[in-house]
There are 2 protein chains.
Amino acid sequence: MYLLKCQTRFKTVAIAVSTLFLSLGAHAAHPNLVITTDDVKHMRQAISSNSSGKFATAFELLKAQVDEQIAHPITVPVPKDGGGGYTHERHKKNYQLMYNAGIIYQLSQDDKYANYVRDMLLDYAKLYPTLDVHPKRKVDSQNPGKFFWQSLNEAMWLVYTIQAYDLVYDSLNAANIKTIENDLLRPVSLFTSVGQPSTFNKVHNHGTWATAGVGMAGYVLGEPEWVEKSLYDLEKSGKGGFIKQLEMLFSPQGYYNEGPYYQRFALLPFVTFAKAIENNEPQRKIFEYRDGILLKAIDTTIQLSYNGLFFPINDAIKSKGIDTIELVHGVTTAYGLTNDAGYLDIAKQQEQIILSGDGLKVAQALDSDMAKPYSFKSVAFGDGNDGKQGALVVMRTQVGGDQALLFKPAAQGLGHGHFDKLTWQFYDHGNEIVSDYGAARFLNVEAKYGGRYLPENETYAKHTVAHNTVVVDETTHFNANVDVGNNNHPTLNFFETNEFGTVSSGEISTAYKGVELERTLALINLPELESSIALDVFNVAADNAHQFDLPLHYKGQLIDTSFELKASTTQLAALGSKNGYQHLWLKGQAQPQNGLAKVTWLNDNGRFYTQTSLVKGDESFLFTQIGANDPQFNLRNENGFIRRVNAQKQHTFISVLEPHGEYNPSKEYTLEAVSRVSALKYTEQDDLVLVQLSIKGKSYLVAINKAHSTIKNTFKFQNKVFTLNSRLGVYAMNNNQE
Amino acid sequence: MYLLKCQTRFKTVAIAVSTLFLSLGAHAAHPNLVITTDDVKHMRQAISSNSSGKFATAFELLKAQVDEQIAHPITVPVPKDGGGGYTHERHKKNYQLMYNAGIIYQLSQDDKYANYVRDMLLDYAKLYPTLDVHPKRKVDSQNPGKFFWQSLNEAMWLVYTIQAYDLVYDSLNAANIKTIENDLLRPVSLFTSVGQPSTFNKVHNHGTWATAGVGMAGYVLGEPEWVEKSLYDLEKSGKGGFIKQLEMLFSPQGYYNEGPYYQRFALLPFVTFAKAIENNEPQRKIFEYRDGILLKAIDTTIQLSYNGLFFPINDAIKSKGIDTIELVHGVTTAYGLTNDAGYLDIAKQQEQIILSGDGLKVAQALDSDMAKPYSFKSVAFGDGNDGKQGALVVMRTQVGGDQALLFKPAAQGLGHGHFDKLTWQFYDHGNEIVSDYGAARFLNVEAKYGGRYLPENETYAKHTVAHNTVVVDETTHFNANVDVGNNNHPTLNFFETNEFGTVSSGEISTAYKGVELERTLALINLPELESSIALDVFNVAADNAHQFDLPLHYKGQLIDTSFELKASTTQLAALGSKNGYQHLWLKGQAQPQNGLAKVTWLNDNGRFYTQTSLVKGDESFLFTQIGANDPQFNLRNENGFIRRVNAQKQHTFISVLEPHGEYNPSKEYTLEAVSRVSALKYTEQDDLVLVQLSIKGKSYLVAINKAHSTIKNTFKFQNKVFTLNSRLGVYAMNNNQE
């Protein structure tokens, strides 16, 4: 008990005399990481006083689950398997279980939970000294674990386990403390920090997990130096570490360079460690850092979802969404910081209550029906730590259905980034319409390449042709070189949202040498038709003649084309031999004549979509299905079509995407199965793009001002004068008076 | 008013002095078809006294819908378009609208609804005399319509319109009555009866619509002869007509020869006309006919559904299910007849209340929370009017998930039947696992072959290879000849359900000359594993050597095979040139060695399925995808594999299908991704099939008694004595004692 008694509040004196506490316990009271003794007091109260509330229910649920699990003997197996294998999954379960049992101990004050955690920790302390690096580590890996094949999982183990230890600390005797700290927690922390400088110092989400684990261990084990190193890297240079990560990994708007799937994943150690810092050293004002970057990061993660799922850019697994546990922690923290009732709307959809101080606030607010609709917005999220390395653009509308258009003039996004500059995705009525493949991976399915990223992730999913953007000469952006990609980014030319809709334009000249790619996308409201349409103008200009391909990957079944389609009926061949083309079967081709070229498909939910392209007879349409050169049947067999022009120096791909109608075979009706677009004309006047669109008997003029700086005020079109004071204008044309 | 006053109750005197009423009105009171004046009284009461009940809500809903529709001008266009086209859909909407407005008139007593119906009827009466047969009729059609391209739709028009007329009759003046009857209803009735004897007399659902329409017109227009002809055919011979249809189109258990999709469709005129007969001539005891065949037919339609959708055998559109309006009428009538609270469970799921006397009973019972769970059972539904032309077998279990196995030793099912003798389908957790293509059709989508059955329905969907049953020499059952199919049916050898599960066996020797096909399927409960498995033993015996193919069409993505799979990676070719094979791409092949050959797939809902086949090295596995020779992209690109043996006189295909595990990428866990079946052995002892199965560390002996008549009581296996008093036994084998 001596150890416990001589502790003082670490946070009040840590900076001045931190070395003093090296061999002692750390913060005065346990727990004091994410959950404080104060939190515990309120949580206990909530459980005893309100057994029907959401918090009490969550407690009962977790307790029942923990009870079920601790009824089984403790199993701490010798590490053997890779991701998805038995020992891997067991060790993952163990740290989660220790954490949960620690929470239940604090709330129930029943020693059996603490004893269970203690016994497991002692088993780990017995095992750890006997371990070499993991047998399933990657060859020449810079970052193996010991419990796990990669140190990322090891760091996650530490993040959970150090919190579990903190939660049961006050129940342990000195001998146990000594064993657990000296044989397990200290060596794991050292292995994770000084043992792997390349990971620990890396400004990357793997580094965040490592610094979060080691930093929190620093607080708990009384090692303020570890905290300093976690914050500022092993040399305390500030070139790496948690603070640098906060500075570099998010844009000023809180967008994480790798995209929402990884942003969600990265969020947990950020939020967890920040909360621990706040509780131990509030004077660091960590949540105020960079104008509240952490809160922005949480909020942006929510904004980057549609119908509950994250926009699947880069190496994303497409079923991840706002109910992932990391974002539950994030939203809980965000509400704790802001009391913004919009977060309760998200918390409601998440249907999970975190057993923490902030979790209690969320639960009580939900119990009192305080949620207000969270507001999804049209936003251009600046990319890069300065927010100027392109942007990820989200356009939304509620006219004619809940629609979203994602436009990606964003930076590469490191090793998990895809070579898809200026790609887009389209969503309608809750579904993907123009889609992105996401990652080629079956997470934790051993038979599928050990549950890791499949080889086809490199050979298909990352390549440009797997996306909805221009490919030059069947070659991938940046020649598929990640470093070149990371060093070059598109420019966001403009973004604006107004009553007519949202418009944005971006460009890049470094994806291909001597080729300028410039794309302008607009999501346009046509309220009198209760419809929205997406306008796409993709301009390619090159020094020399090239082949330009613009793929569109659609979800659904082809219903009709306005042109003759020559299908490959008895034989299919791969479309190409490399850069992803080797994975596409060529199912048919066509050479539409001058005018409108329409492709209509029907999605699984019974809605029709037509892309109307304005062509001059020089675009051929190649219809494809994913699945060639796929010996293990690893790829999903999805459909698409590629618009192709050959041997051109310049080409403008112009098209309109239009959701329409309904197919209801159950009720035996089919409405508006045919595209309503009857005319599409394109002209330019200096920096003005002018598109005439006839749809469902109505004619519109869409004007987009692409000028770099000034905004043009008036222009003449068909002998009439129009005024445009913004980037986007939509004018109803009175056909009768013409 | 003279006409109205001199009417008497038709039903009391109709038979005796029917000719007397020829020029007068018909039944004394209007309405008196499905809805009677008595019903109207109760319905009006319900609306006025209980505005929050389900019935009143349904009334308000329909009234609002009718109000919206009758605000538009009446449109009775000159017929021009085929199915799905404008005039087709408009005339369909018109008869529905007249019927609905008639109901609302009776309930609201507001003349404007009756006047709307009157005006539309008068417009139709003006149009009809000007019409020749429909311009879009099939060439040389025996059954064109005038408003519609086929007389089926014309008969449906009459079924609705005669009811609408009956509903507004009491508001009409004599001049209107004369015009509407003489210029419209009489000529349409005559065109539908004496004008098309081949359809009217046909024992087929098209005949049912025609007889229902004409028969009800007989009641309303005072033409008892029409009623007689509708009941007993134009010659009153009893060889055709409604009564013959009741006798011939359903098996004694109420199974409709064409399958549930058409059973549902056929149900409406049966139920409607029967109800009208009951109300006009209760002495005919129509609902008691054939031991209550109509009620059995309704009930069987419900039984032939899974997770709300009908089993998609034959030309079925797969999204049709228990909420289709025809079955809403059926369930409403069934509850009216029986007061069985199980039907309320279905009515609840249907979420639609019919505005009729029975509909009121359903609504009031649902308001009083009287629903009790409807009980889905394992049943062999005898096929054919004698119930002895094979059977459609449904096996169900709740062990390890809500599962169903459909086995089809059923008859051909007329022109919409598929050549799929002894095929099966499997369902788990609400999803299709082993699937049937259903019909190749996009209902009412003009671009897809005018919304009719696609050419690929004939060239693919009906063929044997599109199903999960044996194909000999790449030739379709009965050489794809419908007449031969209709004249030959499989035999149901046995069906039994007990504590161990359900087993059934069927055979057919006429699908191929000189080839016996015999299949035994069992859905076996393994409660100690919380699992069920499906056992399949398909025995083929031929006079000469042949190629035998057994396809399995699965829903999902291939995860693993236990054998080496040689995929076609750079080129795909069609598997064959005819009988559906021309529509299958050959994606890969394999020749598994002696032992267990496993194929594992993952469905969209994250569950794994493994088929384990017991092979001797003589089965090759051909992996296929639908889509070859499909120039219009009409087919869905679904996956399958075909087990093939060459040049054999006999072969037994033995396999076990096992659902297992869970793939949850959102929560990042994967459970039991690998098949648990570790051993499978097969032996026969006389008429006993003995299968040893090791699964998840447990061993079982499955015994199936195939004896034709006697039940064997004891048998010896591995020196132990077993007792089997039924068709199916499952014995846990104590491995330790062996």
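User: How many helices and strands are there in chain A?

Analyst: The model is a predicted one. In it, chain A has 19 helices and 28 strands.

User: Why is Asp369(A) called exposed?

Analyst: A residue is called exposed when its relative accessible area is over 50%. Asp369(A) has a relative accessible area of 66%, and therefore counts as exposed. Asp369(A) is located in the loop between helix 17 (357-367) and strand 3 (379-382) of chain A. Its phi is near 55 degrees, a positive value in a residue other than glycine.

User: Why is Asn579(B) called buried?

Analyst: The cut-off for a buried residue is a relative accessible area under 20%. The value for Asn579(B) is 16%, so Asn579(B) is buried. This residue belongs to the loop between strand 15 (571-573) and strand 16 (584-590) of chain B. Phi of Asn579(B) is also positive, near 55 degrees, in a residue other than glycine.

User: What share of the residues in chain A is buried?

Analyst: Of the 738 residues in chain A, 63% are buried. Chain A exposes about 26500 Å², and carbon and sulfur atoms supply 48% of that area.

User: Which peptide bond in chain A is described as cis, and what is its omega?

Analyst: The bond joining His30(A) and Pro31(A) is cis, with omega at about -5 degrees. Pro31(A) sits in the loop between helix 2 (10-17) and helix 3 (37-49) of chain A. In chain B, the peptide bond from His30(B) to Pro31(B) is cis, with omega near -5 degrees. Pro31(B) is in the loop between helix 2 (10-17) and helix 3 (37-49) of chain B.

User: Which annotation covers residues 384-606 of chain A?

Analyst: An unreviewed UniProt entry annotates this span as "domain: Heparinase II/III-like C-terminal". In the model, residues 384-606 of chain A are 6% helix and 48% strand, and the end C-alpha atoms of the span lie 39 Å apart.

Terms used:
Residues are numbered from 1 along each chain as its sequence is written. Chains are lettered from A and ligands numbered from 1 in the order in which they are written. This is a predicted model: local features need pLDDT of at least 70, side-chain atom pairs count only at pLDDT 80 or more; totals for chains, interfaces and linings use all residues. Side-chain values use heavy atoms; hydrogens and water are left out. Helices (H or I, at least four residues) and strands (E, at least two) are DSSP runs, numbered from the N terminus. Buried means under 20% relative accessible area, exposed over 50%, partly exposed in between (1.4 Å probe, protein chains only). Accessible areas come from the Shrake-Rupley method with a 1.4 Å probe; for residues, only the protein chains shown count as cover. UniProt positions are given in the numbering used here, feature names are shortened, and annotations may be inferred rather than shown by experiment.
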